Amino acid sequence: MQMRPPEIGHATLVSCDVFDTLLHRDHRSETRRLRDVAVLASRRLAECGFVRDPATVWRTRIDVQRHAYRALDLADPSGDVRFADIVDAMSQILALDARGAAILHEAEIAVERRQLAPNQPLFSWLGTQAKAGRRIIAVSDTYHTAATIAHLLDTLAPGHPIAAIHTSADYDATKRTGAIFPKVLHVEGVHPGDVLHIGDDFTADVAMARAKGIRAWQVVRPRHVRLRRKMDAVRARLLHALSPTGPSARLGSRFA
Amino acid sequence: MTGQPRSASTRTAAQTFGYTVLGPILTEFSLRLWLYQRFFPQPDDAVLLFCARGGLRMRMVYEGFLARTDLPVTVPHESLMVSRLVAARTGAANPGEALLSELGREFAGRPMNEVAAALAQRDDIALGPAWKGTFQAKRFADLLTAADPWALAIRREIAVQDERFRAHLDARTSGRRTVILCDTGLYGSTVRLLRDGIADRRWFCLQFARSNYKRLATPHFDCTRGLSVESDVYRPWDVRTSALRFWHLIEAVLEPDLPSVRVFAPAESGATPKSNLEIEGWQERIGHDEKGLFSGAMAYVEDLDRAALPDVSARADLAWRQFRRAVVWPDRAAVDLLSLDDRSRDFGRIERVAQFAGRAGAPGPLARIRESLWREGAVVRLFPDLGRAGLGLIELAHSGRALQAQGRRMISGGAHR
């Protein structure tokens, strides 16, 4: 697939969003992805002697994530939650030890690896820019750390030109509120006018970047991918709504 | 845990309802409260304060939940002796919108000397003729801040009480500047008043339910969350909002038989001021429950263990469905089971309101249904034979109202996050 290259102008630094920009998610919705994570985690937990129903793992993840973000939104709307804290709270609720917590963490990353694909045209364009002397960085609104994102990039796009990774979880500041941009500019030692930011989310990657004086370029996933993802989310909601609740009538069968 | 009362045969119907329905619901609330404090930013500067009176029982449930599940806490907790009246006093020196709108709602049509007497908790201060006028926000603010002897006397009494409350607050927060109140709900007047009155602290409020059921201004909703219920209207398709159909049940279950906080006595040497709630044996009375609904819920919490944690949400889902059935589609047995004593009106006054309106207050049956705290229950009481049809009509009306509200929200783009 061809990519219409952005106007690079005088930019000396190119900043890229990660999810759905550098790494494309497939058609699966977040709900579905978390269900896949739960199924994998449940299977791996069972192999280690922890019998935890996939529906319970999934429900715990949804509850923890939802309330974690609500708590954050209440007191520090510009910050972000860390995945390590989500896993810690989940393992407390699911009564897992450190080994169990590690399995929850690994299952998430394994599913991410499986459902993400590199945006080859963008990587190829970024490679050209790097060769021309421009510094390439990644800036992501995510609960993952830079190390996790580096692992995903190294695995899925070996030899990529990303020189540094900045995440909202590490900075406790998001693109969504614009709070991360000044911090990244400071760390990178550049002025807003030196930067071109590329991302898929209009608010986080375009409006907020521009509000901080950074030139922004939006890349949008094809309409059919977005539509399929929406349909997938609706399907997941319907499955959840139609499923009998209660410990005696678990959702487990629907995860098979 | 087995999911069954340990001694079901010896339990009353109320205790069984408490165990099977209210227990899982309050346990889910406790888990959510634990999650909030777990993820609360800068926990080292925060303290969770359970507000008298309903919060005292919520604290009991939360502590029981923590003890049974061994979950570690990051934000310490305490009890706060507070009420809307006490919170209102914090802003009396400089009456703002929060205080005046709260007073306007509570004392609509009442004389301003009654408002002053409630705030000062003194009815022996002779006030001038201007105070006899019907409450008007601007007029009341002018009277309260005037330089005449009447205003000075009222302000002095309010200030004495407010100073004692602030000393109590300081003691309960132990130097932490961020206060997370924990209260029953709905509108969150207490946090609105305290944030306005004590501006040098960061205020948040986690309630069982948050609802702007009176369609008032909600500047404090940015710092207030409903952990179990968060909706302005009952939505038939959202089972948790059925709590709004009979909110007084939740309040009655959670409020112990203790007086509302009105005044603080002067501090004895080395101690902090003591509220009128802290009567002899007050701590034992928090758990004392003749009706059995709360004790049934506590029995459920006491039966919890670590292994029950993963199922808390699923059990709560089931309990909420049972709650909705009992409250929205009650039969005669449910009405008998959930009939409550008269409720106090509070805000420094002693009048009480009945769960079901009597003939004196409302002449016709429809008016009596409308004036009742639990309309579905009133329908079944007044029309035992046709009750189901009446309940169907009420449900239909609520569905229409909820759809209308949802449509309005979509049009204005103000969907809840």
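The questions below concern a helix pair and a chain interface.

Analyst: This is a predicted model, in which local features need pLDDT of at least 70, side-chain atom pairs count only at pLDDT 80 or more, and totals for chains, interfaces and linings use all residues. Residues are numbered from 1 along each chain as its sequence is written, chains are lettered from A and ligands numbered from 1 in the order in which they are written, and side-chain values use heavy atoms, with hydrogens and water left out.

User: Why are α2(B) and α9(B) called roughly perpendicular?

Analyst: The axes of helix α2 (residues 54-69) of chain B and helix α9 (residues 247-254) of chain B cross at roughly 70° and come within 7 Å. Axes are lines fitted to C-alpha atoms, for helices over the stretch in contact, with angles from 0 to 180 degrees between N-to-C directions. Angles of 65 to 115 degrees count as roughly perpendicular, and α2(B) and α9(B) are therefore described in that way.

User: What makes B:Asp317 and A:Arg59 a salt bridge?

Analyst: The term requires a side-chain nitrogen of Lys or Arg within 4 Å of a carboxyl oxygen of Asp or Glu; for B:Asp317 and A:Arg59 the closest N and O atoms are 2.7 Å apart. The count between chain A and chain B is five salt bridges.

User: How much area do chain A and chain B bury between them?

Analyst: Chain A and chain B bury about 2700 Å², 56% of it on carbon and sulfur atoms, where buried area is the accessible area (1.4 Å probe) that two parts lose on being put together, summed over both. In chain A, A:Arg70, A:Leu74 and A:Ile93 lose the most area to chain B, together 26% of what that side buries.

Notes:
Helix = DSSP H or I, 4+ residues; strand = E, 2+ residues; numbered from the N terminus. Parallel < 35°, antiparallel > 145°, perpendicular 65-115°, else oblique.
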